[in-house]
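Please look over the model below before reading on. The paragraphs after it go through the fold and then through selected residues.

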Amino acid sequence: MISRFPIYFRQSSQSLFNSWLENSTHPSEAGLHELRVLLKKIRYCQHFLSWVYGKSALGKLPEHTRLIFHESGMIRELQIMRKWLIGEKKDLLREMKCNPDIVENQLLQFQKILLEYQADVSKGIKKAELLAEKTHPILSDQYWQQLNSNLKKQCKKIEKKDWHEMRKLIKKWIYALNALQDVKQPSKPLVHAIQKLEKNIGDWHEYWMIGIRLEEKEPGDTESLHFRTQFALAKTRIQEQMEEHEKNCVKGNGNNASERKVPENSNSIANETA
């Protein structure tokens, strides 16, 4: 029996290193986003291998990929903030520290980090590939079934503060489909509903992140009138957008719905992911 997981692992690893090399020489906004997507896939593989062999089996690889993911995430947030401010025509790039010069400098620093950790990550992934090759196919099925069970439980009742963690669980659930061996694939409508749920939460989370960054820069009375005006307009607008996207991805659950909202489609997902 040919196991699907080692194939998925090799393909994801190769794509990751191609993106890694591209970002370490010619970084771009699109390239950074692609790198983060591929890091998520590799981190799913790491979670699975750690589930099978224990956390120590992968050495420092999880630590290194987590660091790269974190550092790239900080730059990604600056890019999202800059894009939003420009799109909304808010003159706050300098105050929010996301003007082109700052972002470019962050990318240059990130290039150095990629080069510094490239050899260690390559070595770690080669070691992980050996584990992937010897992993019994049935374990891929069992891992997905555990993710499926956890997702089913979360979909039944989840608060807004848990949305981001739920999105990460959904990501693993989706990636794990690529390694299913004998377990029947879930229906296409169900997969589509879960992918839509993940995207809705992701869109909302971007606006939430912008809102958090704005709150951290609350201007004082000594700030210029222009800055305070632009900031007030930005804060009002982001609140409107957060509420708009919240309505797109949630539905109320009785009284005090704002405290007990669950993602749209989550009830049907809970019933179908059996």
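What follows moves from the overall fold to helix packing, aromatic pairs, cysteines and a few backbone details.

This is a predicted model, in which local features need pLDDT of at least 70, side-chain atom pairs count only at pLDDT 80 or more, and totals for chains, interfaces and linings use all residues. Residues are numbered from 1 along each chain as its sequence is written, and side-chain values use heavy atoms, with hydrogens and water left out.

The secondary structure of the protein consists of nine helices and two strands. Helices here are DSSP runs of H or I with at least four residues, strands are runs of E with at least two, and both are numbered from the N terminus. Read from the N terminus, the order of the elements is α-α-α-α-α-α-α-α-β-β-α. Along the principal axes, the C-alpha atoms occupy a box of roughly 70 × 50 × 30 Å. Of the 274 residues in the protein, 46% are buried. Buried means under 20% relative accessible area, exposed means over 50%, and partly exposed is in between, with a 1.4 Å probe and protein chains only.

Helix H2 (residues 29-53) packs against helix H3 (residues 61-87) at an angle of about 145 degrees, and their axes are 10 Å apart. The axes are lines fitted to C-alpha atoms, for helices over the stretch in contact, and the angles run from 0 to 180 degrees between N-to-C directions. H2 and H3 cross in a left-handed sense, a term that applies if the near helix is turned anticlockwise from the far one by less than a right angle. Residues of the contact of H2 with H3 comprise seven nonpolar, six polar and eight charged. In this grouping Ala, Val, Leu, Ile, Met, Phe, Trp, Tyr, Cys and Pro are nonpolar, Asp, Glu, Lys and Arg are charged, and the others, Gly among them, are polar.

Helix H8 (residues 225-249) has 25 residues. From its first C-alpha to its last, H8 reaches 36 Å, close to the 36 Å expected at 1.5 Å a residue; the expected span is 1.5 Å times one less than the number of residues. The buried residues of H8 include Phe-227, Phe-231, Ala-234, Ile-238 and Met-242. Gln-230, Gln-241, His-245 and Glu-246 are also among the buried residues of H8.

Next come the aromatic rings. Rings of Phe, Tyr and Trp (its six-membered ring) pair if their centres lie within 6.5 Å; planes under 30 degrees apart count as stacked, over 60 as edge-to-face and the rest as tilted. The count by this rule is 14 aromatic pairs. One of them joins Phe-17 and Trp-20, whose ring centres are 6.2 Å apart and whose planes are at 40 degrees, so the pair is tilted. Phe-17 and Trp-20 are separated by about one helical turn, because they are three residues apart in helix H1 (residues 4-25). Both Phe-17 and Trp-20 are buried.

Trp-163 and Trp-204 make an edge-to-face pair, at 4.7 Å centre to centre and 75 degrees between the planes. This pair links distant parts of the chain, with Trp-163 in helix H6 (residues 163-176) and Trp-204 in helix H7 (residues 188-216), 41 residues apart. Trp-163 is buried at 0% relative accessible area, and Trp-204 is buried at 5%. Elsewhere, Phe-5, Tyr-8, Phe-9, Tyr-44, Phe-48, Trp-51, Tyr-143 and Tyr-175 form one aromatic cluster.

Helix H7 also holds Ile-210, which is buried at 2% relative accessibility. The C-alpha atoms of Ile-210 and Arg-82 are 9.8 Å apart, although 128 residues separate them along the chain.

How many disulfides does a search of the whole structure find? The search finds zero, a disulfide being a pair of cysteine sulfur atoms within 2.5 Å. Cys-98 is buried at 0% relative accessible area, and Cys-155 is buried at 0% as well. Cys-249 lies in helix H8 and is buried at 1% relative accessibility.

Two lysines have backbone angles to note. Most residues other than glycine have a negative phi. Lys-89 has a positive phi, near 55 degrees, and sits in the loop between H3 and helix H4 (100-134). Because its relative accessibility is 71%, Lys-89 counts as exposed. Lys-97 has a positive phi near 55 degrees and lies in the loop between H3 and H4. At 47% relative accessibility, Lys-97 is partly exposed.
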